[in-house]
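Have a look at the structure first, then read on.

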Amino acid sequence: MTIDLAIIGAGPAGMAAAIEAADLGLSVAVIDENPAPGGQVFRGVERAGGDPALGADYAEGLALARAFRAAPIAWHPATTLWHLDPEEGYLSLDGAPDLSARRVLLATGAQERPVPILGWTLPGVMTAGAAQILLKTAGVVPAGRTVLAGQGPLLPLLAAQYRRAGAPPALILETTPRGRRRAALAALAAGGLWAGRHLLWKGLGLLAETRAIPRRRGVTGLRAEGRNRVERVVWEGGSAACDTLLLHEGVIPATHIPMALGLEMSWDAAQRCWRPVTDAYGASSHPNVAVAGDGAGIGGWEAAVAAGHLAALDAAQRLGRLSAEERDRRARPWLALRRRALALRPFLDALYAPAPASIPDATIACRCEEVTAGQVRAAARLGATGPNQMKAYLRCGMGPCQGRLCGPTVAALIAEARGTTEAAVGLYRPRAPYKPITVGTLARL
C-alpha cells in the first residue's frame, strides 16, 4: 500500500505536519523511535505535561500531542527507519511493516554538539540534554553536587528546572568567551528585538530565576577528573568537587539521514555545522523529500511547528490537493509565526557561537572506537583528508553511532591539522542501515 506522506519524527515539526496533512485529506504515516509523540523538546509530555518543574513551554506541547493523537494518522511508535529509497519512496522499518510513500518529510530534529574534554567518558559525566530526558521521562534528578558546564539556552533552562524540582545545581560554568555579549547585543540592536521580545523575556526570566546559583564566566581549559567516576571538575584557575557533570555547547541539526540520501547541504558558518538546503516550505534538493524543524536549521520548537505546517501544505500542493495559490494563502500565518520565532536567532548565534576548541591529544574523540584526538591529528598529517578517509586509518565513525557523535570533532581536528576549514573537510557519508537493527528485521528481508 502506498500512502501520500510519510513523516520521520514525531516532535513539534512532525506532529504539526501530520495534523495539517491529515486535515488536508492526505493519507499520513508517522514513524518515531520513541514510544510516544513529543520528540526531544516535548518528550514524555503526555505523562508530565503538567509538571511545574518543566515550565509553561513544556505544557504547551500537550495540546499539540493531543491534537496529533486525535488526527486520522497511521502512528508507528518505537519504530526505526533504517533505510529509505527516495526514488521509489520505499521505507524500510524496524518495528513495523515497511511502507511506500509518495512524499517523505524528515522531521528528525537536532542533536547535542559533542563536548570532548579530558575525562568526558568518566561515569557521572553526561550531556545536559540527556539529563533533561531523564527529568522528563522519569522525574529523575542527579544526587549530590551537580555542575552544569558550557553555553547555550538549555543550561539556564535546565538549571531552573532542577531548582523547581528541589535539586538546584551547585555550580554553573559558562564557557561563553568574554566580550561575546557585546557582539550579541549589537546583533540584537540591528534587528529582531521587538519581534523576538517574548523569547528574550523568557531567557531573562530564566537568568533571574537561577541568579542565586553560583557561576563562573569565561571558563576555559575544562576537564573532568576522578578514578572510577567523576569526582572533580577543573578549569583554568579553579576547580570544584563534583558528583555529576553535565556538558552542553548547543545543538546542531541531525543530518545523518540527509547525508545518507545525498541531499544538498550547506555549511552554517555562524554555528559551525551542516544543514540541508531547503526552500521556504522545507523542500530539499530531492523532489520527493522535504526537511522540517531543527533538522533543517536550529530555530526552536515554535519555528519547528510553523515549518511542519508549511511542509504539509507544500506536500498537498505537490500531490495535487491544493493549488499553488491556495498553498501560499494558507502559508502566510505560518510564515509570519516562523519569522517571529527566528527573530532572536542572530542574537543567539552571536552570543553562543561555538569557539574553535583546543582539544588535548589525550582526549577521546571517537567514543565508539576509543580513538584519541592525537591519533586523529597524526592520521590527518599522514594523509587522511576527511572523515571518510579517517575510517580507513582509525575506524572513526564505524561504531554504533556511525559518526553522529564524533563527526563534528573529527572534522574540526582534521581541519586544524591540515590548515583548512571544517566546511572544506566535510562530514561522514553515512550508509544504511542508519541505526543498528535487529536480527529479526534482517531475517524478514
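Predicted model: local features only at pLDDT ≥ 70, side-chain atom pairs only at ≥ 80, totals over all residues.

1. The chain holds 16 helices and 21 strands, and its C-alpha atoms fill a box of roughly 65 × 50 × 45 Å along the principal axes.

2. How does the radius of gyration fit a compact globule? For 445 residues such a globule would come out near 22 Å, and the chain has 22 Å, so the two agree. Buried residues make up 53% of the chain. Of the contacts with a separation of 6 or more, 68% are between residues 24 or more positions apart.

3. UniProt, in an unreviewed entry, lists "domain: FAD/NAD(P)-binding" for residues 4-308. That span is 30% helix and 26% strand, and its end C-alpha atoms are 16 Å apart.

4. The unreviewed UniProt entry also lists "domain: BFD-like [2Fe-2S]-binding" for residues 366-416. Here the make-up is 55% helix and 6% strand, with the end C-alpha atoms 17 Å apart.

5. Now zoom in on helix H4, residues 128-138, where Ala128, Gly129, Ala131, Gln132, Leu135 and Lys136 are buried. Looking down the axis of H4, these buried residues fall within an arc of 160°, so they line one face of the helix. An α-helix has 3.6 residues a turn, so residues three or four places apart point the same way.

6. What covers the buried residues of H4? The cover includes helices H2, H3 and H5, along with strands E7, E8 and E15.

Key: Residues numbered from 1 in each chain as written. Heavy atoms only, no water. Buried < 20%, exposed > 50% of the residue type's maximum accessible area, 1.4 Å probe, protein only. Helix = DSSP H or I, 4+ residues; strand = E, 2+ residues; numbered from the N terminus. Arc of directions from axis to C-beta. Contact = heavy atoms within 4.5 Å. UniProt positions renumbered as here; feature names shortened; annotations may be inferred. Rg over C-alpha atoms; globule rule 2.2 N^0.38 Å.
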